Amino acid sequence: MAKEIERKFLVRGDHWRDSVSERLILRQGYIASMDGRSVRIRLTNDAKATLTIKIGKAMTRDEFEYEIPVDEAEELLGTAIGLVIEKTRHKVPFKGFTWEVDVFRGAHRGLIIAEVEMGKESDNPELPDWIGREVTGEYRYSNQALATQFEQEYDELSHTA
């Protein structure tokens with residue numbers, strides 16, 4: 001069983017853009033969403049599709065990911081609960097860690113969230129100066145909530161760090 005260990009932050013400023021090593025266009029939706037569990041479909045650059053099952057709420061969660069055919073992912077996205085999230089993911093290396101800066105489009109335009117995946121919970125990555133307030137564990141900033149609880153949560157989201 002794979003483990004996902006990550007911290008999540010709001011982003012301030014845009015000088016992180018100078019260090020981007022890769023950009024990915026993502027569309028993702030949830031076909032099942034429960035407290036502490038989700039089944040997500042993701043299309044990356046309209047060329048690769050994955051089905052991901054996540055279990056847990058904390059910084060460390062169980063994660064199972066499987067590649068699926070793109071046409072099946074498109075069909076499943078059509079059955080998504082709530083919104084299909086649209087974002088550009090920018091990979092930004094910084095002092096031994098790769099930060100993933102998600103710039104949301106569509107319904108969440110203006111929201112920018114950075115995540116850093118770690119090998120173990122005790123890892124303590126140095127925070128770049130463009131990192132703002134930590135939102136790890138704040139459900140309303142999870143992709144699951146952004147997709148499935150848009151109308152209840154949108155007004156409460158801070159788009160600034």
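## Aromatic pairs

In this predicted model, the count of aromatic pairs comes to three. Trp 16 and Trp 130 form one of them, a tilted pair with 6.5 Å from centre to centre and 50° between the planes. Trp 16 sits in the loop between β1 (2–11) and β2 (22–34), while Trp 130 sits in the loop between β8 (112–117) and β9 (131–134), so this pair ties together parts of the chain that are 114 residues apart in sequence. Both Trp 16 and Trp 130 are buried.

Trp 130 also pairs with Trp 99, here in an edge-to-face arrangement: the centres are 5.9 Å apart and the planes make an angle of 75°. Trp 99 belongs to strand β7 (residues 97–104) and Trp 130 to the loop between β8 and β9, so the parts tied together by this contact are 31 residues apart in sequence. The relative accessible area of Trp 99 is 0%, which makes it a buried residue. Trp 130 has a relative accessible area of 4% and is buried as well. Through ring pairs, Phe 9, Trp 16, Trp 99 and Trp 130 are linked into a cluster.

## Strand β1 and its partners

Of the ten residues of β1, eight are buried, so the strand is largely enclosed by the rest of the structure. β1 pairs with strand β5 (residues 60–68) in the antiparallel sense, over four bridges. Within this pairing, Glu 4 has Arg 61 in β5 as its bridge partner.

β1 also pairs with β8, again in the antiparallel sense, over five bridges. Here the bridge partner of Lys 8 is Glu 115 in β8. With β9, β1 pairs in the antiparallel sense over two bridges. Phe 9, a member of the aromatic cluster, stands opposite Glu 134 in β9.

## The largest pocket

The largest pocket has a volume of about 770 Å³. Its lining consists of 38 residues, and those nearest the pocket centre are Glu 4, Glu 6, Arg 40, Lys 54 and Arg 61.

Two or more lining residues of the largest pocket come from each of β1, β2, β3 (37–44), β4 (48–55), β5, β6 (81–94), β8 and α2 (143–148). β3 gives the largest share of the lining, with five residues. By residue class, the lining divides into 19 charged, ten polar and nine nonpolar residues.

## Overall fold and dimensions

The chain contains nine strands and three helices. In sequence order these elements follow the pattern β-β-β-β-β-α-β-β-β-β-α-α. The chain has a radius of gyration of 15 Å, close to the 15 Å that the globule rule gives for 161 residues, so it is as compact as a globular protein of that length.

Along the principal axes, the C-alpha atoms of the chain fill a box of roughly 40 × 35 × 30 Å. Buried residues account for 45% of the 161 residues in the chain. Trp 16 and Trp 130 are among the buried residues, as is Trp 99.

How values were computed. Residues are numbered from 1 along each chain as its sequence is written. This is a predicted model: local features need pLDDT of at least 70, side-chain atom pairs count only at pLDDT 80 or more; totals for chains, interfaces and linings use all residues. Side-chain values use heavy atoms; hydrogens and water are left out. Rings of Phe, Tyr and Trp (its six-membered ring) pair if their centres lie within 6.5 Å; planes under 30 degrees apart count as stacked, over 60 as edge-to-face and the rest as tilted. Buried means under 20% relative accessible area, exposed over 50%, partly exposed in between (1.4 Å probe, protein chains only). Two strands pair if DSSP finds at least two bridges between them. On a 1 Å grid over the protein atoms alone, a cavity is a set of points where a 1.4 Å probe fits but cannot get out, and a pocket is an open set with protein on both sides within 12 Å along at least five of seven lines; lining residues have an atom within 4 Å of a point. Grid points are joined across faces, edges and corners, and a volume is the space filled by probe spheres set on the points. Ala, Val, Leu, Ile, Met, Phe, Trp, Tyr, Cys and Pro count as nonpolar, Asp, Glu, Lys and Arg as charged, and the others, Gly among them, as polar. The radius of gyration is taken over C-alpha atoms; the globule rule is 2.2 Å times the number of residues to the power 0.38.
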